[in-house]
Structure formats: structure tokens, C-alpha cells
Amino acid sequence: MTLPLGFVVELDRHTRVVDGGAALLGGFPTRLLRLTPRARRLFAGRRLAVRDAAGALLADRLLDTGMAHPVAEVLPAPADPRYTVVVPVRDRPRQLGRLLRSIGAGHPVIVVDDASHRPAAVAAVAAEHGARLVALAANSGPAGARNAGLRLVTTPYVVFADSDIVLDPDTVPTLLRHFADPLVAAVVPRITGLPAADPTWIARYENARSSLDLGSRPALVRPGTPVSWASSACVVARVDALGEGFDDSMRVGEDVDLCWRLVAQGRRVRYEPAVQAAHEHRVRTRDWLLRKAVYGTGAQPLAERHPEFVAPAVFAPWSTAFAAVLFAGRRWSVPAGAAVLGVVTVRIARKLDGTRHPYRLAVRLTANGALATLAQTSALLTRHWWPLTAVGCTVSGRVRRATAIAAVADIAYEYRRDQATLDPLRYGIARRLDDLAYGAGVWFSALRGRSSAALRPRVTRAGTPVPVSGKRPAEPGRIRRH
């Protein structure tokens with residue numbers, strides 16, 4: 001399967017053009033891709049349009065490595081763009097009506113009532129909007145409800161939309177364009193918060209840092225990359241790529257599981273933030289905390305199914321040493337950490353031999369790796385391992401200092417990046433509550449499953465912070481969904 005003529009890709013913002021276009025440096029894992037003179041001529045700035053077999057081959061490689069992404073607005077629509085919308089719902093007739101109004105007419109809609117307490121209200125809304133109703137006798141959860149609808153789909157594509165979602169008119173048509181790539185199995189939009197006249201402080205935090213919002217940059221969804229999973233709150237997929245669909249034995253994390261199974265089959269899953277779907281966030285503190293804890297309980301079931309992808313942190317041997325010497329908090333810690341980074345820089349520079357400025361590039365990559373190490377260590381202390389951290393703080397001043405630094409630095413960095421419309425104090429409180437609730441869910445699931453798999457960091461054999469070649473470590477276990 002090859003990319004069609006006219007398919008356009010654009011280099012990822014983190015992909016660096018090296019030596020005047022002679023090579024590209026980027027992707028996941030980071031690698032150096034040398035370009036022949038012919039390959040260089042295929043680019044117009046940072047874009048490449050497929051015009052022949054050579055262009056298709058290069059574009060496919062750039063997509064597969066995460067060095068470039070499709071430019072959705074210039075891609076052709078599918079030859080057969082028919083799709084069916086499947087909506088799993090349990091009660092929530094008001095939200096269901098809002099979603100169905102946003103879908104509009106012209107496409108089949110299947111509403112799967114997952115054993116509502118008031119089924120007549122759901123049936124009335126479905127009938128009002130001309131949707132087909134499937135009523136389940138027993139509650140099966142989101143995965144089972146989606147699968148019940150999927151079995152009735154006869155169109156080439158299916159749109160799964162949760163009842164608390166509102167679709168923009170151009171969301172599905174734009175996402176369908178990604179299927180010009182024959183390897184794409186599913187595409188998700190950016191999930192934003194529904195506007196509110198007077199949002200609570202929790203709502204403002206969620207609007208800035210929702211578990212569903214995967215950011216403003218397009219991405220290939222793959223374990224071990226910045227976007228390692230995709231939510232099924234709103235997703236467009238090829239019906240023939242889904243097989244039996246979701247694992248209906250999972251109540252949480254079923255969307256992560258499906259995404260990773262598709263990737264393991266050699267399919268692509270894409271994140272397209274150019275279009276959006278609005279989500280009704282939980283804004284009451286108790287409900288919000290409970291939902292965050294529920295997200296955490298998905299870690300252990302995912303660890304059982306995908307042990308290679310789930311870990312609270314992933315370190316290379318050098319980053320383990322770097323984190324350990326800094327955590328020691330001794331006079332020699334800073335020079336020892338600098339020595340570790342120096343050795344890593346030299347090793348990376350040797351892998352970049354042949355470029356004009358190997359050490360300049362190596363310093364940048366090492367710095368990125370060091371920051372990632374600090375971020376993961378901070379997450380261990382304040383999120384994944386916080387029960388152990390709390391115990392450690394009662395007996396060790398060193399643990400107290402490290403935890404305080406990690407908590408404050410994390411809030412300062414994330415607040416600036418999220419551009420929250422919330423004061424720093426309440427943002428910081430929400431951030432820490434978010435971590436405490438999620439971490440509690442992870443520990444609960446680990447104790448219930450009698451396994452520490454979801455709590456154990458993983459040390460890889462990779463010797464560089466972001467390997468120039470080889471397999472990149474899995475993303476450090478931020479399993480989240482609404």
C-alpha cells in the first residue's frame with residue numbers, strides 16, 4: 001500500500017533540517033535521515049508533495065518515524081466517504097440531544113442505550129432525531145456499548161462519539177481526509193472543553209489541562225511518543241480495520257488498548273488538532289476527583305495486556321544515574337551529574353559523525369534528555385509514587401526537599417505552558433489534587449491486581465536520552481481518559 005499522488009506532508013516542528021537540507025534530525029526515536037540530492041528536490045520548504053514513487057516512499061518513511069505529518073486540508077476526501085455515528089449512552093438525555101443536533105442529518109446514527117435507569121427519555125431523544133436505538137438489557141460499559149453499535153455498521157467508516165461530546169461541522173469531514181493514507185486505521189480530533197458562562201476553578205483547570213486534550217500539534221499516535229494513545233470520546237475509524245472492536249471486558253482504558261492493538265498490527269492512528277470536538281468536563285470537585293482516580297485504575301489492566309508499554313517512568317542507564325546523583329543531594333551531585341551528561345553528549349556526537357556540527361546537535365539532544373529525566377522523576381515523586389513519597393517525607397529531609405522542589409517546579413513549568421485562565425495558586429492546588437487522585441487509582445488497581453507492574457519504572461538499554469536509532473522507550477504511563 002502506497003501513498004497516493006498529491007498526498008502532502010509537512011515536517012514536524014521538532015524535526016531539524018541539518019547541513020542545509022542534506023539531512024533531517026528528528027522523529028521518535030530521534031534519528032538522522034540523510035537525503036540524496038534527488039530527495040532534497042522533493043521538498044518545497046518544509047513540505048513534500050507526493051508526485052512519484054520516490055516521493056511516496058520518502059513521505060511514508062517520514063510519517064512512520066514521526067518526522068512529518070499529513071497536511072489534512074489539502075488531502076483528497078475518500079472516494080466513498082459514508083460513515084455511521086455510534087453513540088454509547090446511559091441516561092443523559094439532555095447531552096444526547098445536544099450531540100445529535102450537532103451531528104445533523106444525512107448520516108446514519110446508532111444510539112446504544114447501555115441499560116439506562118430511564119430508558120424512555122433516551123428513546124424519545126433518539127426518535128426525535130431519527131436515530132436508530134439499540135437497547136441493551138444489562139450495562140456492559142462503554143466498550144461493550146460501542147461494540148454493539150459497531151456490529152450494525154454497514155458504511156466504510158464509523159464515528160464513535162460519547163454523549164457528552166459536541167461535534168463541529170468540519171470535524172468528521174476533515175478527519176476523513178486522513179484515510180487517503182491506506183495505513184491509517186483511526187483518527188481523533190482535539191478534545192476541548194465546552195464553553196461555560198461562569199466556569200468553576202476546576203473547569204478552568206480542565207480547560208487548560210484536560211486529560212483528553214492532547215495538545216495543539218499533529219502527531220502519530222504510538223507508544224513511546226509524545227502522543228502515546230488516543231481517546232475514543234470522539235474517533236473516526238475504518239470499519240474493516242477494527243475487527244471485533246474494543247475489549248468489552250475493560251471498563252477503563254479500552255480506548256488505549258484498542259489504539260495499541262492497531263499499532264501492533266502495523267496500522268497508523270493519527271491525532272489531528274486542526275479540528276475539534278467539545279467535551280462537557282466534570283466541574284464538581286468530588287466528581288472530578290473520582291473520575292481522575294478511575295482513570296488511574298486503568299493502569300493495571302493495561303499493564304497485563306501491554307507490559308512493554310506501561311511504566312510510570314522509562315529511563316536509560318545514563319538517565320538513571322543522572323537522576324540518582326541529583327537526588328542524593330550531596331556537594332558532589334551537580335558535578336557528577338554534569339559528568340554524566342558530558343559522557344552522553346560525546347556518545348551522541350559520535351553517532352552524528354559526518355554532520356557539520358555534531359557536538360552542537362548532541363548538546364541539544366542531551367539537554368532534552370536531561371529535562372525529560374527530571375520531568376519523569378518529578379512525576380514519580382508527586383504522581384505515581386506519592387504514597388511512598390509521603391512516607392519518605394516523614395523520615396527524610398532529603399526526600400522532603402526533593403519533593404518540594406519537584407512539586408513547585410512542575411507547577412511553574414506547566415502553568416506557563418498551559419496558559420491557564422486560573423491564578424497560579426488554585427492551578428497548583430488542582431494540579432496536585434489531579435496527581436493525588438490519579439496516583440491513588442493506580443495504586444488501587446495494583447493492589448487489586450496483586451501486581452506492581454503498573455508501578456515499576458523501566459530501564460532500557462539505550463545509551464542516549466533520545467536514541468538516534470533503535471526502539472524508543474514507552475511513554476511513562478500517563479494513562480488517562482474521560
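These legends walk through an overall view of a predicted model and then some close-ups.

The model is predicted, so local features need pLDDT of at least 70 and side-chain atom pairs count only at pLDDT 80 or more, while totals for chains, interfaces and linings use all residues. Residues are numbered from 1 along each chain as its sequence is written, and side-chain values use heavy atoms, leaving out hydrogens and water.

View 1. Helices (H or I, at least four residues) and strands (E, at least two) are DSSP runs, numbered from the N terminus. Along its principal axes, the C-alpha trace spans about 70 × 65 × 40 Å. Of the 482 residues, 55% count as buried, meaning under 20% relative accessible area with a 1.4 Å probe, protein chains only.

**View 2. Helix H3 and what it packs against.** H3 covers residues 93–103, and its buried residues are Gln95, Leu96, Gly97, Arg98, Leu99, Leu100 and Ile103. Those residues pack against strands E8 (83–89), E9 (109–113), E11 (157–161) and E12 (165–167), plus helix H4 (119–128). Contact here means heavy atoms within 4.5 Å.

**View 3. Tyrosine 157 and phenylalanine 179, a tilted pair.** A search of the whole structure turns up seven aromatic pairs. Rings of Phe, Tyr and Trp (its six-membered ring) pair if their centres lie within 6.5 Å; planes under 30 degrees apart are stacked, over 60 edge-to-face, and the rest tilted. Here the centres sit 4.8 Å apart with the planes at 45°, so the pair is tilted. Tyrosine 157 is in strand E11 and phenylalanine 179 in the loop between helix H6 (171–176) and strand E13 (184–193), so the pair ties together parts 22 residues apart in sequence. Both residues are buried.

**View 4. Tryptophan 318 and phenylalanine 322 in helix H12.** This aromatic pair is also tilted, at 6.1 Å centre to centre and 40° between the planes. The two are four residues apart in H12 (residues 317–328), which means about one helical turn separates them. Tryptophan 318 counts as buried at 8% relative accessibility, and phenylalanine 322 does at 6%.

**View 5. A ring cluster.** Ring pairs link Tyr205, Trp288, Tyr415 and Tyr427.

Methods
Buried means under 20% relative accessible area, exposed over 50%, partly exposed in between (1.4 Å probe, protein chains only).
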